[in-house]
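Morning, everyone. Have the structure open, please.

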Amino acid sequence: MSAFDKGPILVTGASGGIGAETVRQLIAAGAEVIASGRNEEVLTRLAEETGCRTLAFDLASEEDVRKALEGLDLWGLVNCGGFGGEIATPMETDISVFDKVMTINARGALLATKYASQSMVRLGKGGAIVNVSSQASLVALKGHISYGSSKAALDNITRVSALELGPHGIRVNSVNPTVVMTPMSAWYWGREDIEGPFLEQMPLGRWATEAEIAAPIVFLLSDGASMISGVTLPIDGGFTAC
Ligand SMILES: NC(=O)c1ccc[n+]([C@@H]2O[C@H](COP(=O)([O-])OP(=O)(O)OC[C@H]3O[C@@H](n4cnc5c(N)ncnc54)[C@H](OP(=O)(O)O)[C@@H]3O)[C@@H](O)[C@H]2O)c1
């Protein structure tokens with residue numbers, strides 16, 4: 001039995017660019033997928049296109065996450081829901097934005113992990129979780145004090161979850177992408193003064209596509225990654241290696 005026959009995979013952030021492409025690629029690989037986000041209209045369109053199931057809930061509310069996930073009998077989880085926050089230095093940061101970024105990117109992913117792993121352990125079939133982190137957790141990026149901190153917290157959630165859930169046959173990994181030109185990033189990274197200097201420092205010298213992030217996520221969920229757990233995998237054209 002292949003990993004993708006063992007039970008449904010929940011993808012949060014599926015109403016966004018990377019999440020929707022992950023749903024498409026998982027369905028193409030034969031998985032049963034539950035696509036989640038808050039925007040039900042966008043999720044319904046994705047369901048019509050791919051045949052996935054949908055489930056709308058707010059990652060900021062423990063009650064919402066608990067109610068949504070209990071009884072789902074998940075085998076897999078992709079924590080892709082996220083919020084970009086602001087571009088600000090430590091001197092000028094708006095701490096309410098920091099709170100919101102942490103609430104969605106770190107706390108929300110931990111809540112989904114909490115309730116998903118409870119059912120995975122109960123079912124006893126193992127499982128796999130992929131957290132969509134960022135290059136911003138691996139190196140210091142100007143203006144990214146809040147966002148980078150939230151993704152560094154997420155990387156720690158990956159490592160500790162890999163440690164705690166490994167004995168139950170559940171693997172937990174992160175992907176750490178560079179910029180993909182979705183609405184979350186285009187307003188800042190698309191600026192001429194930001195894009196040029198950044199790409200000059202990246203060996204591959206171009207932004208990633210949604211498909212180039214989704215494919216490693218699908219791999220990390222698959223049988224091909226059966227001995228991989230606890231990693232933070234840069235998908236960044238070599239940027240953080242230099
Ligand atoms: N784009 C990039 O350059 C880039 C680079 C590295 C990492 N990432 C990470 O990749 C992930 C996806 O990014 P993206 O570019 O695809 O973003 P996006 O298109 O802006 O999508 C963000 C997703 O997060 C969901 N979301 C936000 N707040 C939520 C909440 N409170 N409850 C439930 N869902 C919520 C949104 O759902 P609704 O709109 O339905 O509320 C949407 O599905 C994020 O974690 C992001 O940090 C992105």
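**Proline 234 and its surroundings**

Leaving aside neighbours within four places in sequence, proline 234 is in contact with Gln135, Leu138, Asn176 and Thr240. Keep in mind that this is a predicted model. Where does proline 234 sit? It is found in strand 7, residues 232-235. Buried or exposed? Proline 234 has 22 other C-beta atoms within 10 Å. The cut-off for buried is 20 or more, so proline 234 is buried. Proline 234 and proline 177 are 57 residues apart along the chain, yet their C-alpha atoms are separated by 5.8 Å.

**Leucine 10**

Now to strand 1, residues 9-11, where leucine 10 is found. Leucine 10 is buried as well, with 25 other C-beta atoms within 10 Å. Setting aside the neighbours within four places in sequence, its contacts are Ile34, Ser36, Leu72, Leu74, Leu77 and Ala116. Look at glycine 76 too. Leucine 10 and glycine 76 are 66 residues apart in sequence and 6.2 Å apart in space, C-alpha to C-alpha.

**Aspartate 73**

Next, a backbone point. Aspartate 73 is not a glycine, but its phi is positive, about 55°. It lies in the loop between helix 3, residues 62-69, and strand 4, residues 76-79. How many other C-beta atoms lie within 10 Å of aspartate 73? There are 13. Exposed would need 12 or fewer, so aspartate 73 counts as partly exposed.

**Helix 3 against helix 4**

On to the helices. Two packed helices are described by the angle between their axes and the distance between the axes. Start with helix 3 and helix 4. Their axes come within 9 Å and cross at roughly 30°. Angles under 35 degrees count as roughly parallel, so helix 3 is roughly parallel to helix 4. The crossing is right-handed. Which residues meet? From helix 3, Glu62, Val65, Arg66 and Leu69; from helix 4, Leu111, Ala112, Tyr115 and Ala116. By class, that contact has six nonpolar residues, no polar and two charged.

**Helix 4 against helix 5**

Helix 4 covers residues 95-123, and helix 5 covers 145-165. They pack at an angle of about 15°, with axes 8 Å apart. That makes helix 4 roughly parallel to helix 5. This crossing is right-handed. On the helix 4 side, the contact is made by Val97, Phe98, Val101, Met102, Asn105, Ala106, Ala109, Leu110, Thr113 and Ser117. On the helix 5 side, it is Ser146, Tyr147, Ser150, Lys151, Ala153, Leu154, Ile157, Ser161 and Leu165.

Threonine 103 is found in helix 4. It has 16 C-beta neighbours inside 10 Å and counts as partly exposed. Beyond the neighbours within four places in sequence, threonine 103 is in contact with Ala60 and Gly108. Threonine 103 and leucine 59 are 44 residues apart in sequence, with 8.0 Å between them in space, C-alpha to C-alpha.

**Helix 1 against helix 8**

Now helix 1 and helix 8, the latter being residues 210-221. The axes come within 8 Å and cross at roughly 55°. The two helices are therefore oblique to each other. Helix 1 passes helix 8 in a right-handed crossing. Helix 1 contributes Gly17, Ile18, Glu21, Thr22, Gln25 and Leu26 to the contact. Helix 8 contributes Glu210, Ala211, Ile213, Ala214, Ala215, Ile217 and Val218. By class, that is eight nonpolar, three polar and two charged residues.

**The ligand shell**

Last stop, the ligand. Which residues come nearest? Of the 28 residues around the ligand, they are Gly16, Gly37, Arg38, Gly82 and Thr182. Helix 1, residues 17-28, supplies at least two residues of the shell, and so does helix 6, residues 183-189. How does the shell divide by class? There are 13 nonpolar residues, 13 polar and two charged.

That's the tour. Comments, please.

Methods:
Residues numbered from 1 in each chain as written. Predicted model: local features only at pLDDT ≥ 70, side-chain atom pairs only at ≥ 80, totals over all residues. Axes fitted to C-alpha atoms, helices over the stretch in contact; angles between N-to-C directions. Helix = DSSP H or I, 4+ residues; strand = E, 2+ residues; numbered from the N terminus. Parallel < 35°, antiparallel > 145°, perpendicular 65-115°, else oblique. Left-handed = near helix turned anticlockwise from the far one by under 90°. Contact = placed C-beta atoms within 7 Å. Near = placed C-beta within 6 Å. Nonpolar A, V, L, I, M, F, W, Y, C, P; charged D, E, K, R; others polar.
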